[in-house]
Amino acid sequence: MAIRPIVKWGDPVLHAPAAPVTERDESLRTLFRDMVETMYAAPGIGLAAPQIGVPLRVIVIDLSVGKDPSQLIQLYNPEFLSREGEQKEDEGCLSIPGHYGSPARPAQVVVRGLDPEGVERTYTATELLARAFCHEIDHIDGLLFVDRLSPLKRDLVKRKLRKKAKAGWDE
Ligand code: NI
């Protein structure tokens with residue numbers, strides 16, 4: 001297992017749709033293990049493969065950040081079966097350190113995907129877990145939470161992010 005560097009806003013891999021996983025092989029198992037370890041080390045409650053530079057549709061989520069093994073969700077090729085209602089709460093992202101925003105998200109989602117063993121899993125989620133699913137699935141679609149802010153806020157944040165990206169994200 002290895003902790004991998006997290007790429008930041010501005011890296012092209014974060015801003016393009018990722019490809020579906022077509023083969024469940026050893027490299028996919030390694031990817032899942034590395035993503036979980038990287039998420040816990042950050043620490044974060046979710047991570048998508050593009051955030052470690054891998055353009056594949058793979059996500060991991062754990063609202064307990066490793067404290068409760070039953071809360072770990074690992075999916076490849078996840079998709080929404082439904083999205084209902086709306087909620088708006090503060091969100092951050094490991095790829096945008098120091099910035100927060102409140103994009104509109106569905107109040108409830110149903111997500112289906114495949115776990116590392118290739119078993120189909122379906123999750124019905126509300127509140128923070130619903131937001132986490134939306135945030136991570138956005139990542140594999142090439143979208144970050146700042147892309148979902150109002151145009152005014154988005155432009156303001158992006159100006160700051162461009163400066164940070166230029167400076168190489170020294171925090
Ligand atoms: Ni993120």
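Arg162 is partly exposed, with a relative accessible area of 48%; in the terms used here, buried means under 20% relative accessible area, exposed over 50%, and partly exposed in between (1.4 Å probe, protein chains only). The model is predicted, so that local features need pLDDT of at least 70 and side-chain atom pairs count only at pLDDT 80 or more, while totals for chains, interfaces and linings use all residues. Residues are numbered from 1 along each chain as its sequence is written, and side-chain values use heavy atoms, with hydrogens and water left out.

Arg162 is found in helix 3, which covers residues 151-166. Helices (H or I, at least four residues) and strands (E, at least two) are DSSP runs, numbered from the N terminus. Together with Arg159, Lys160 and Lys163, Arg162 forms a positive surface patch. Patches are made of residues with over 30% relative accessible area and no salt bridge, like charges being joined within 9 Å and nonpolar side chains (Val, Leu, Ile, Met, Phe, Trp, Tyr) within 5 Å.

In soluble globular proteins, nonpolar side chains tend to be buried together.

Two pairs of residues separated along the chain were also considered. Leu114 has its place in strand 6 and is partly exposed, with a relative accessible area of 24%. The C-alpha atoms of Leu114 and Leu75 are separated by 5.2 Å, although the two residues are 39 residues apart along the chain. Gly53 is found in the loop between strand 1 (46-48) and strand 2, and at 36% relative accessibility Gly53 counts as partly exposed. Between the C-alpha atoms of Gly53 and Leu14, 39 residues apart along the chain, the separation is 7.9 Å.

A search of the whole structure finds ten salt bridges, a salt bridge being a side-chain nitrogen of Lys or Arg within 4 Å of a carboxyl oxygen of Asp or Glu. One of them joins the side chains of Arg33 and Glu26 (3.4 Å, N to O). Arg33 is partly exposed, with a relative accessible area of 37%, and Glu26 counts as partly exposed at 45%.

Another salt bridge is made by the side chains of Arg148 and Asp138 (2.6 Å, N to O). Arg148 lies in the loop between helix 2 and helix 3 and Asp138 in helix 2, so the pair ties together parts that are ten residues apart in sequence. Arg148 is partly exposed at 39% relative accessibility, whereas Asp138 is buried, with a relative accessible area of 6%.

Lys158 forms a salt bridge with Asp147, and the closest N and O atoms are 3.0 Å apart. Because Lys158 lies in helix 3 and Asp147 in the loop between helix 2 and helix 3, this pair ties together parts that are eleven residues apart in sequence. Both Lys158 and Asp147 are buried. Salt bridges that share partners join Glu91, Arg105, Asp138 and Arg148 into one network.

Methods: Accessible areas come from the Shrake-Rupley method with a 1.4 Å probe; for residues, only the protein chains shown count as cover. Lys and Arg count as positive and Asp and Glu as negative; His and the chain ends are not counted. The place of a charge is taken as NZ of Lys, CZ of Arg, CG of Asp or CD of Glu.
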